[in-house]
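Here's a quick briefing for anyone meeting this structure for the first time.

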Amino acid sequence: MAKVESGDARAPARELTIGKLARRARVAASLLRYYEKEGLLPPARRSASGYRLYGPAAEKTLLFINRAKQLGFSLEDIRRFLEVSPADATPPRDSRGEVT
């Protein structure tokens, strides 16, 4: 996990640099920049030194995009899916706590 200095406080340990996120998702860092430019990934927070820092929601979104591409969906289809149901949305649960 990234431990990046941001002023006097450290960045949250769950944030990943673009390189670490790219390695975890097995994609090129340039693809993350492209997805960010195209609006598929939200703009990353920047460290004090200008590095992109991605949180857990960005990792979930990236994994969703990769899986949707494997299933044959276009980036436009994926964009629409993300607009309707963000990757970090919590599914509705019934009174017993089970997903409905």
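Let's start with one side chain: leaving aside residues up to four places away in sequence, Arg79 touches Glu38 and Leu40. Keep in mind that you're looking at a predicted model.

**Arg79**
- You'll find Arg79 in helix α4.
- Is Arg79 buried or exposed? Its relative accessible area is 18%, which falls under the 20% cut-off, so Arg79 counts as buried.

**How α3 and α4 pack**
- Helix α4 covers residues 75-84, and it packs against helix α3, residues 56-70, at an angle of about 135°.
- The axes of the two helices are 10 Å apart.
- That angle is why α3 and α4 are described as oblique to each other.
- As for handedness, the crossing of α3 past α4 is right-handed.
- Which residues make the contact? On the α3 side they are Thr61, Phe64, Ile65, Ala68 and Lys69, and on the α4 side Leu75, Ile78, Phe81 and Leu82.
- Sorted by class, that contact between α3 and α4 comes to seven nonpolar residues, one polar and one charged.

**The sheet**
- Strands in a sheet are held side by side by backbone hydrogen bonds, and the pairing can be parallel or antiparallel.
- Here, three strands make an open sheet, ordered β3-β5-β4, with antiparallel pairing.
- At the edges sit β3 (16-17) and β4 (45-46), each of which pairs on one side only.
- Strand β5 (residues 52-54) pairs with β4 over two bridges, in the antiparallel sense.

- Arg26 belongs to the loop that links α1 (18-25) and α2 (29-37).
- Arg26 is exposed, with a relative accessible area of 80%.

**The overall layout**
- Altogether, the protein has four helices and five strands.
- Reading from the N terminus, the elements go β-β-β-α-α-β-β-α-α.
- The protein has 100 residues, and 31% of them count as buried.
- Take the contacts between residues at least 6 apart in sequence: 43% of these join residues at least 24 apart.

Note on methods
Residues numbered from 1 in each chain as written. Predicted model: local features only at pLDDT ≥ 70, side-chain atom pairs only at ≥ 80, totals over all residues. Heavy atoms only, no water. Axes fitted to C-alpha atoms, helices over the stretch in contact; angles between N-to-C directions. Parallel < 35°, antiparallel > 145°, perpendicular 65-115°, else oblique. Left-handed = near helix turned anticlockwise from the far one by under 90°. Contact = heavy atoms within 4.5 Å. Nonpolar A, V, L, I, M, F, W, Y, C, P; charged D, E, K, R; others polar. Pairing = 2+ DSSP bridges. Buried < 20%, exposed > 50% of the residue type's maximum accessible area, 1.4 Å probe, protein only.
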